[in-house]
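Trainee: I have a model open and want to go through a few spots. Can we start with the terms?

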Amino acid sequence: MRSVSEDASGDLLRSLAPQVLGALVRRYGHFDHAEDAVQEALIAAAAQWPTGGVPESPRGWLITVASRRLTDLLRSEQARLRREAEWVPPPPSGAAHDDSLILLAMCCHPSLTPPDQIALTLRAVGGLTTVEVARAFLVPEATMARRISRAKQRIKASGVPFALPSGFSGAVLHVLYLMFNEGYAATTGHDLHRPDLAAEAIRLARLVHRLMPTDSEVAGLLALMLLTDARRPARTAPDGTPVPMDTQDRTLWDAALIAEGVALVTAALPRGPVGPYQLQAAIAALHDEAPTAAETDWPQIVALYELLLTLTDNPMVALNHAVAVTMASGPSAGLSLLSSLSSLAGDHRFHAVRGHLLEMSGSLADARDAYTKAAGLTGSVPLRRYLHTRAAACQ
């Protein structure tokens with residue numbers, strides 16, 4: 001046993017939770033009961049490890065405790081344990097043997113619709129709360145809670161066996177994308193980042209890339225994550241306040257991650273077909289490779305966003321396109337594009353961008369109102385503080 005602080009113990013438990021849940025569901029099935037058993041094992045570990053020390057194999061300890069609890073839960077309902085062969089066979093030996101990757105595949109069960117696959121994976125693999133998942137989908141918490149519950153029941157009722165696929169659906173990649181986004185820019189809480197969640201998304205994306213090394217979109221997604229995460233050390237001031245990209249200290253950016261991301265997207269683009277993740281990675285690469293903010297190739301970024309808009313109707317892509325147009329052609333052009341994005345009226349990012357563009361155009365009173373509106377819509381404490389600061393500066 002080795003000693004560990006309460007904070008370090010909590011970080012370890014968060015990283016192990018999806019792997020332990022994946023191991024239990026793979027071996028025994030019963031998703032709901034397995035989730036309850038894992039939660040009880042995590043509670044036991046949180047109580048014991050800070051004082052008694054972390055076991056030599058913390059993952060094995062958690063699986064053992066959770067398995068015992070799962071057995072008790074099933075027996076209490078007069079249920080028989082299902083044999084492992086009735087569920088997921090062990091994956092081939094090698095790099096792909098990872099229970100959290102298996103759990104990711106399970107959550108994208110063929111009996112579920114793509115939105116339900118994404119919601120369940122964010123909850124089970126990503127460890128997001130129901131509130132955070134609801135924010136990612138822009139729906140009320142109660143609606144998301146019902147969706148996740150129905151998804152679990154549908155998996156249980158389907159009778160379709162799980163298997164680790166040779167390839168992964170677009171829903172899996174989208175799940176990893178949303179998971180990373182929540183880690184890189186948390187929608188709630190006192191911290192701007194959730195590094196553990198971003199790191200887990202990158203780890204899973206690396207595993208998927210290892211399984212599918214020639215898939216251009218898988219490579220594009222991993223490149224996008226790396227190129228974006230490379231800027232994380234410069235995204236906050238010492239007090240936790242967000243720092244806009246154009247004023248960040250670029251010497252703090254992670255050069256190794258940038259080099260790896262650029263190499264991935266450079267190799268992926270010629271293989272084709274070109275997809276949304278590759279295009280977003282190419283945009284991120286243009287930002288990361290610019291020596292200074294003033295030297296950013298905005299016309300090229302605008303062109304890439306316009307190509308991306310032909311592949312997706314995501315309003316956030318249109319919002320980012322408006323920002324790029326502003327940087328290339330001025331705030332009036334960007335504000336004109338914002339007028340068609342009424343679907344984002346309830347999202348803080350729309351009002352934050354509008355405030356920035358209005359401030360650039362000299363409409364300070366309107367900018368102040370937009371920043372204030374954005375601050376009232378975000379659940380992120382540091383971002384809310386930053387937006388109020390921006391509003392106060394518009395005098």
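Mentor: Buried means under 20% relative accessible area, exposed over 50%, and partly exposed in between, with a 1.4 Å probe and protein chains only. This is a predicted model, where local features need pLDDT of at least 70, side-chain atom pairs count only at pLDDT 80 or more, and totals for chains, interfaces and linings use all residues. Residues are numbered from 1 along each chain as its sequence is written, and side-chain values use heavy atoms, leaving out hydrogens and water.

Trainee: Is Thr 241 buried or exposed?

Mentor: Thr 241 counts as buried because its relative accessibility is 18%.

Trainee: Where does Thr 241 lie?

Mentor: In the loop between α10 (216-229) and α11 (255-268); helices here are DSSP runs of H or I with at least four residues, numbered from the N terminus.

Trainee: Which residues does Thr 241 touch?

Mentor: Not counting residues up to four places away in sequence, Thr 241 touches Arg 235, Thr 236, Arg 385 and Tyr 386. Contact means heavy atoms within 4.5 Å.

Trainee: New topic. At what angle do α14 and α16 pack?

Mentor: Helix α14 (residues 315-329) and helix α16 (residues 348-361) pack at about 10 degrees, with axes 11 Å apart. That makes α14 roughly parallel to α16, a label for angles under 35 degrees. The axes are lines fitted to C-alpha atoms over the stretch in contact, and angles run from 0 to 180 degrees between N-to-C directions.

Trainee: Which residues of α14 meet α16?

Mentor: Met 316, Leu 319, Val 323, Thr 326 and Met 327 in α14 meet residues of α16 including Phe 350 and Leu 357.

Methods: Helices (H or I, at least four residues) and strands (E, at least two) are DSSP runs, numbered from the N terminus. Angles under 35 degrees count as roughly parallel, over 145 as roughly antiparallel, 65 to 115 as roughly perpendicular and the rest as oblique.
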